[in-house]
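Q: I would like a close look at a single part of this protein. Please walk me through it step by step.

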Amino acid sequence: MPATTPLSALRQAPPDLAAWTALFCNAEIPVLAETAESLELLRSNEDAVDANSLGEMIATDPLMTLKVLAYAASHRSSRLLTDAETVTAALVLMGITPFFREFGPQPTVEDRLAAQPHALDGLQRVLHRAERAARYALCFAIHRRDPDAAVIHSAALLHDFAEMLLWVNAPELAQQIRDKQTADRHLRSSAVQREVLHIELSDLEQALMQAWHLPELLQHITNDKRANDPQVQCVKLAIRLARHTADDWDDEAVPDDLLDIAKLLNLSQEATLKLLHEFD
């Protein structure tokens, strides 16, 4: 579980993946102010709280979701045969009273980035994209009748958590990447990340998930390099579409997204577009 000592704002990228992983493994993870406030309201009436309602609230915040899953994974009993692959499953195993005992009042991203409004804006864009992508991925999975639909939703929600942590801990580096991609929309994200950070954020995510012992299925579904796996495709295509339609549906990459999603769902492109607008 990440420690409680916050990082100073990074202005120079660490040299390699191992250095980035060590840095973020020990970094405090703040959550949304709305989440922190909701937790305190629920804490005051703990006897009325159940795992489902608490899990649904936490699952709207990727950063709090990450904290809960990381804690559950690091405190997993050796007697358990399965991992807690969703927040609700983690809460059921943990128990409501132990949860509130271990998770006191939470630091917030709004407080952390109060003096850096551009960083808060950048983070909020990533969080909004993650929420839309999780909704798309869940709908893709349900349409495909995938029994792991809830895990696919979590995977899409967490898919870009390294970028979120970058905005929190190294907003100047995150802004450099954003500026380069805004100036040239044809630049590949991975290439810009290697130029600015010396790593790809997808590799950092996988390294952190392994370090925090997150569930193997969650690691698998978030791994873009397993491109032929339908569950991975659900998440990857949901992320692509959410990214390309962040501002509107006129991005030149959207037709390719539609083609690939239609193939995944075994639908026509017209039916796919109609379904996507309903999802959104």
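Which helices each supply at least two residues of the lining of the largest pocket?

A: This is a predicted model. The helices that each supply at least two residues of the lining are α8, α10 (161–169), α11 (171–183), α12 (189–197), α13 (201–211), α15 (230–244) and α16 (254–265).

Now the space itself. The largest pocket holds about 1,800 Å³. Its lining takes in 49 residues, and the closest to the pocket centre are Gln181, Leu187, Ser189, Arg243 and His244. Sorted by class, the lining has 23 charged, 15 polar and eleven nonpolar residues.

Helix α8 spans residues 117–143, and its axis comes within 10 Å of the axis of helix α17 (residues 269–279). The two axes cross at roughly 130°. That angle is why α8 counts as oblique to α17. The crossing of α8 past α17 is right-handed.

Which residues make this contact? On the α8 side they are Arg135, Tyr136, Cys139, Phe140 and His143. On the α17 side they meet Leu275, Leu276 and Phe279. By class, this contact of α8 with α17 has six nonpolar residues, one polar and one charged.

So much for the contact; back to the pocket. Helix α8 supplies at least two residues of the pocket lining, and α8 also meets α17 through residues including Tyr136 and Phe140. The pocket lining has 23 charged residues, whereas the α8 contact with α17 has one.

Key:
Residues are numbered from 1 along each chain as its sequence is written. This is a predicted model: local features need pLDDT of at least 70, side-chain atom pairs count only at pLDDT 80 or more; totals for chains, interfaces and linings use all residues. Side-chain values use heavy atoms; hydrogens and water are left out. Axes are lines fitted to C-alpha atoms, for helices over the stretch in contact, and angles run from 0 to 180 degrees between N-to-C directions. Helices (H or I, at least four residues) and strands (E, at least two) are DSSP runs, numbered from the N terminus. Angles under 35 degrees count as roughly parallel, over 145 as roughly antiparallel, 65 to 115 as roughly perpendicular and the rest as oblique. A crossing is left-handed if the near helix is turned anticlockwise from the far one by less than a right angle, and right-handed if clockwise. Contact means heavy atoms within 4.5 Å. Ala, Val, Leu, Ile, Met, Phe, Trp, Tyr, Cys and Pro count as nonpolar, Asp, Glu, Lys and Arg as charged, and the others, Gly among them, as polar. On a 1 Å grid over the protein atoms alone, a cavity is a set of points where a 1.4 Å probe fits but cannot get out, and a pocket is an open set with protein on both sides within 12 Å along at least five of seven lines; lining residues have an atom within 4 Å of a point. Grid points are joined across faces, edges and corners, and a volume is the space filled by probe spheres set on the points.
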